[in-house]
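User: Can you walk me through this one? I'd like to begin with a strand pairing.

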Amino acid sequence: MQSRRQHAAAILSVMVLLFFVCIIPAGLITCVSQRRLPPAVSGGSTTTVSSGRQSPLPEAVLLPEWQVLVLLRRSNNSTTDAPGAGNGTCVFRGGVSSPARSLGSLPASGRHAYTCIIPEPVRVHYHHDAPAPLLVFAASTVITAGDGALPGMLKWSDRIVYESAVIDGGDVLVFAKGVNTRKKVNRAAEDIRCLYYHGDAANAVASLPATTSAQQVFRCPPPPPATMTTHAELRVTLVVAGEEEPIPSLATYDPPRHHASAAPGKKKKRLICACTMIRDMAKFLREWVVYHAAVGVDRFYVYDNGSEDDLADEVRQLTSAGFDISTEIWPWPKTQEAALSHGAAVHRDACEWMVFIDADEFIFSPHWARSESPAKPMLRSVVASVKQDVGQVSLWCADFGPSGRTAHPVEGVTQGYTCRRKTMERRKSFVRLTAVDRSLVNSIHTFTLKPGFQAGWNTRVRVNHYKYQAWEEFKVKFHRRAPTYTADWTEKVELGSNDRTPGLGFEPIEPTGWPQKFCDVNDTLLRDVTRRWFGVGFGNNLAHPQTTSTYPGS
């Protein structure tokens with residue numbers, strides 16, 4: 001209700017503003033202030049109508065299904081930042097509008113991200129070059145161009161550099177789509193150059209050779225300190241050998257902060273952390289976090305892939321209850337491998353081991369079945385006894401079926417789904433982050449290791465994967481698969497892939513007898529354990545977590 005009121009207020013604001021201060025040539029809205037304002041950033045200009053403030057020009061990307069991602073650049077002047085974290089309105093050609101939903105700030109640049117849908121009446125104009133939408137907020141702030149048209153939108157269907165991160169004492173990770181397009185086939189690093197520039201690529205300040213190239217992750221040297229002579233935003237992109245033009249980029253470069261280790265409030269290194277990427281899975285998060293914190297996970301990193309549910313509220317509740325959980329805004333479609341590479345690299349100094357699992361996966365050992373209460377050593381035992389040259393410990397997965405359910409079980413997945421397939425499936429892993437190869441190559445839940453490290457197995461512990469849930473939950477997977485190199489289920493390709501569900505077609509149509517499928521073994525072990533530990537439906541699940549384990553030397 002509040003979101004609708006904000007949208008209505010923003011629409012009223014923009015109608016009044018357009019009436020008084022806008023001209024509309026050739027069907028394209030271009031707003032000009034009655035009082036001209038000087039340029040806010042090099043290479044562009046802005047006007048903040050009616051608020052009396054300047055704001056950096058927005059950038060936008062056209063995502064699949066007519067979704068637009070709008071980014072408001074961070075300003076060096078704290079008074080010129082984005083109008084706030086609230087929702088707003090996107091205004092397109094002809095004055096057609098749609099709600100703009102706030103996602104939060106991106107991890108590297110700090111730019112605030114919003115998403116909106118291009119309304120059907122104007123979609124015909126957006127097959128080719130088209131301007132970014134205006135952003136309007138309830139406080140009558142309009143972000144738009146003052147001395148010309150808004151910048152054109154980039155297209156996710158094209159090549160694009162979309163994110164960056166500074167790691168390893170200064171190395172820069174650049175995340176780019178469209179360079180390495182085939183699974184396990186990567187351009188040589190010597191074919192890639194890293195370009196740092198101000199404003200646009202014509203104003204380059206450094207061009208350096210990449211040191212690794214794998215999947216969507218490219219490792220670059222940092223620019224020389226002499227290039228950091230101004231406060232202007234420094235951008236980074238890639239140039240591929242044999243091509244004249246650099247790849248269009250949204251990524252920025254922020255130099256590492258000196259003496260960060262001495263910063264107050266810096267988190268100590270933990271023994272075991274968990275990393276996952278989710279979209280619209282807030283209702284699964286509490287059960288997943290409470291359970292894993294009780295058996296040994298000290299810290300959680302959640303990559304939010306554009307959720308539209310109440311994920312932020314769920315995270316706030318868990319944090320207030322004492323759980324160590326952080327959210328990274330990661331709105332880029334089909335980039336799960338890149339997100340987990342980011343997690344492994346950026347959080348290397350915060351965690352000794354990271355377990356990469358999904359929010360519908362629970363680590364469990366049948367040997368815990370008679371335990372009266374959970375304990376941190378349960379998971380710590382998985383990594384405590386391994387040798388120093390073991391960089392990865394893999395676990396088998398038990399895939400659970402709908403178990404007769406026709407709706408999401410209110411008591412949670414661990415207590416609601418109790419029938420599984422007999423055959424164990426693909427592995428999930430604990431990864432020693434200092435052992436991960438510099439390329440950061442991964443297959444979603446397992447990583448390539450540095451030379452000198454080996455992988456091991458633990459067969460006493462497994463992953464309960466609540467994979468085939470009630471149909472209303474399961475069919476959501478038809479919308480979009482998260483991995484980069486996995487075809488969406490609506491595409492008639494890779495028919496023999498293990499990612500495809502047996503007996504499922506190419507449309508989200510419930511197969512006959514779905515509630516009884518994938519049921520070979522009646523397995524109530526984890527249901528019984530969680531009832532004993534947390535109560536039916538995790539009734540006492542927000543008890544404060546047990547003491548976390550600090551890794552020696554942190």
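Analyst: Strand S14 (residues 192–198) runs antiparallel to strand S18 (residues 234–240), and 7 bridges join the pair. Strands here are DSSP E runs of at least two residues, helices are H or I runs of at least four, both numbered from the N terminus, and two strands pair if DSSP finds at least two bridges between them. This is a predicted model, where local features need pLDDT of at least 70, side-chain atom pairs count only at pLDDT 80 or more, and totals for chains, interfaces and linings use all residues. Residues are numbered from 1 along each chain as its sequence is written, and side-chain values use heavy atoms, with hydrogens and water left out.

User: What stands opposite Leu234 in S18?

Analyst: That's His198.

User: And what's the strand order in the open sheet of 4 strands?

Analyst: The order is S15-S14-S18-S19, with antiparallel pairing. Strand S15 (204–209) and strand S19 (252–253) are the edges, each pairing on one side only.

User: Switching to helices: which residues of H3 are buried?

Analyst: H3 covers residues 311–320, and Leu311, Glu314, Val315 and Leu318 are buried there. Buried means under 20% relative accessible area, exposed is over 50%, and partly exposed is in between (1.4 Å probe, protein chains only). Down the axis of H3, the buried residues fall within an arc of 100°, so they line one face of the helix; the arc is that of the directions from the helix axis to the C-beta atoms.

User: What covers the buried residues of H3?

Analyst: The cover includes strand S20 (270–278), helix H2 (282–295), strand S21 (299–304) and strand S22 (325–329). Just after H3, Gly322 has a positive phi of about 105°.

User: Now Arg462. Buried or exposed?

Analyst: Arg462 counts as buried because its relative accessibility is 8%. Its place is in strand S28 (residues 454–465).

User: Which side chains make polar contacts with the side chain of Arg462?

Analyst: The side chain of Asn464 does, at 2.7 Å, and so does the side chain of Asp523, at 2.6 Å. A polar contact is a pair of N or O atoms within 3.5 Å; within protein, one must be able to donate a hydrogen and the other to accept it, and residues adjacent in sequence count only if both atoms are side-chain atoms. Leaving aside neighbours within four places in sequence, Arg462 is in contact (heavy atoms within 4.5 Å) with residues including Phe362, Trp396, Arg420 and Asp523.

User: And the chain as a whole?

Analyst: The protein chain has 8 helices and 29 strands, and buried residues make up 53% of its 554 residues.
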